[in-house]
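Please examine the structure shown below and follow the explanation that accompanies it.

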Amino acid sequence: MAIVKMWKVDEDDEWLCSAIQAFIVSGIEIEAQDRCGTMILGIVARRGQRSATAALLLARANPNACSYSGKIVLHKAMDTTRLATKKDMLESYRNVLSFILILGDYGTVAKPDVILQWISIKEFAVAKARR
């Protein structure tokens, strides 16, 4: 998780994606939380790192999981877009907005119930099909 936190957004995003994929293959817990309850997916959400996002979601990171503050990844991404708009940071806004679109493709919802916060993407697809 430290490499993702220390990664500068303007550095090579593909290298970070490759590193995350290598960590996933080696058995890293992709839903491990830092002291604030933020997961790796939440960190890349705030930074709008598309390829890292795709790698985590393909590895079945839960886009509906909450941090200790009760915010899901989508909420954190929305906070970042609001901040980027206020500070006229169009590149950051564009990156995070594309991240939000990817989250939608992987089943994130604005107000997940407790079950969605704890199940995997595969289980989510099954539950959604039953509704």
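**A helix pair and the core**

In this predicted model, helix H3 (residues 40–47) packs with helix H4 (residues 50–58) at an angle of about 155°, and their axes lie 9 Å apart. Angles over 145 degrees count as roughly antiparallel, and H3 and H4 are therefore roughly antiparallel to each other. Their crossing is left-handed. On the side of H3, the contact is made by Ile40, Leu41 and Val44, while H4 contributes Ala52, Thr53, Leu56 and Leu57. Sorted by class, this contact has 6 nonpolar residues, 1 polar residue and no charged residues.

In soluble globular proteins, nonpolar side chains tend to be buried together. The largest nonpolar core here has 23 residues, and Leu41, Leu56 and Phe99 have the most contacts inside it. Two or more residues of this core come from each of helix H2 (13–25), H3, H4, helix H5 (73–86) and helix H6 (90–105). H6 supplies the largest share, 5 residues.

Which residues does Leu41 touch, not counting residues up to four places away in sequence? They are Thr53, Leu56, Leu57, Ala61, Asn62, Pro63, Val73 and Phe99.

The chain as a whole may now be considered. The chain has 8 helices and 0 strands. Of its 131 residues, 43% count as buried. Among contacts between residues at least 6 apart in sequence, 68% join residues at least 24 apart.

Note on methods:
Residues numbered from 1 in each chain as written. Predicted model: local features only at pLDDT ≥ 70, side-chain atom pairs only at ≥ 80, totals over all residues. Heavy atoms only, no water. Axes fitted to C-alpha atoms, helices over the stretch in contact; angles between N-to-C directions. Helix = DSSP H or I, 4+ residues; strand = E, 2+ residues; numbered from the N terminus. Parallel < 35°, antiparallel > 145°, perpendicular 65-115°, else oblique. Left-handed = near helix turned anticlockwise from the far one by under 90°. Contact = heavy atoms within 4.5 Å. Nonpolar A, V, L, I, M, F, W, Y, C, P; charged D, E, K, R; others polar. Core = buried A, V, L, I, M, F, W, Y, C linked by side-chain atoms within 4.5 Å. Buried < 20%, exposed > 50% of the residue type's maximum accessible area, 1.4 Å probe, protein only.
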